[in-house]
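Trainee: I would like to go through this model with you, from its overall make-up down to single residues.

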Amino acid sequence: MLSSLGQKLARELEFPAQINEGFFYGRIGGFPVYIHELPNRQLLLCVAAKPGPAGGAQLSREELAARLPDQKFAAVREVRPHEWQITAAERGASRTPGLLKELLSALRELLEEKHFVPCCVRCGAEEGISVYQCGEQMAALCESCAPEAEAELAGLAASVRQKKSSPGKGLLGALAGAALGGVIWVLIYRAGYIAALGGLALVFGALKGYELLGGRLDRKGTAASVAVSVVMMFAAMMVSYGWALYDIYAAEGFSFLDCVMAAPTAVLHFPDVGATFAVECAVGLLFIGLGGFSAICASYRRHNPVFAFRKLL
Ligand SMILES: [Zn+2]
């Protein structure tokens, strides 16, 4: 997902952007340039180029680094036979656009000075180069490499889809993870803090547990993990309330288990206990929803990568 700064950079450079995939792309001179915004607020900038007939060899890493205008902003990641890869650290909305423009114009100057030519990053061909989205990455490819890259991606997609999760084991993992979350819920309650915060621990525990034992967190697994979290939340609440009863009734000879079993009756028969229960439930579910949503998005994305292949530019 392209951040608001990433979107601003694309606008200022007049580069088209793929907001969901987190990248923008264009050309400097005739050279395809594509920029990926990495999760750690770094930009990965790739230029598809190779030495032309009039030029010498591909630049070394050091030669390229020496030409970067601001060494604190940008650094060479890798110099490949047909591609330069440069990382840049975002520096806030006011400074980054200027720094990026400066970097691109320095690169353009260098490419022209050294007589480089645009090329396909796979085979180095100079004709018919377009920028393609290859799943979650971009690449400048020629017309014969593009179908090959597409077929490879399709093969990869098929193998990922074939790798099914094992729902039985996953459910077991979700139960174990959520049970740990439930323990945290009860401990927070006993410590006198807002127990509903434990909703986060429940849903994170369940998702992680499913992922660890089930292999792959797919749609079914995600739904099962959230359901297990909700059930475990009610169990944790009953243990918490039962424990509070036990504090009072232990002296009269009631066991801990008796008190936990009596907790639902207390909730139903005492309006003030019922009201507290309803509020805690609502806040707990809200936390499960909120905390779970981000975790679900992140891990779902990780386990279900994008396999789209299309020509961008
Ligand atoms: Zn090629």
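Trainee: How many helices and strands does the chain have?

Mentor: This is a predicted model, in which local features need pLDDT of at least 70 and side-chain atom pairs count only at pLDDT 80 or more, while totals for chains, interfaces and linings use all residues. Residues are numbered from 1 along each chain as its sequence is written. Helices (H or I, at least four residues) and strands (E, at least two) are DSSP runs, numbered from the N terminus. Counted in this way, the chain has nine helices and 10 strands.

Trainee: Which domains does the assignment give, and what distance separates their centres?

Mentor: The bounds come from an automatic or database domain assignment, which lists domain 1 (4–161) and domain 2 (167–303). Taken over C-alpha atoms, the centres of domain 1 and domain 2 are separated by 47 Å.

Trainee: Which residues have the most contacts inside the largest nonpolar core?

Mentor: A nonpolar core is a set of buried Ala, Val, Leu, Ile, Met, Phe, Trp, Tyr and Cys residues joined through C-beta atoms within 7 Å. A residue is buried if 20 or more other C-beta atoms lie within 10 Å of its own, exposed if 12 or fewer, and partly exposed in between, with C-beta atoms placed from the backbone. The largest such core has 45 residues, and those with the most contacts inside it are V33 and A48.

Trainee: Why do the buried residues of helix α1 lie on the same side of it?

Mentor: In helix α1 (residues 4–13) the buried residues are G6, L9 and A10. They lie on the same side of α1 because they cover, in the directions from the helix axis to the C-beta atoms, an arc of only 95°.

Trainee: Is L213 buried, partly exposed or exposed, and which residues is it in contact with beyond four places in sequence?

Mentor: L213 has its place in helix α6 (residues 198–214), and it counts as partly exposed because 19 other C-beta atoms lie within 10 Å. Contact requires C-beta atoms, placed from the backbone, within 7 Å. Leaving aside neighbours within four places in sequence, the contacts of L213 are K169, G170, L172 and G173.

Methods
Two residues are in contact if their C-beta atoms, placed from the backbone, lie within 7 Å.
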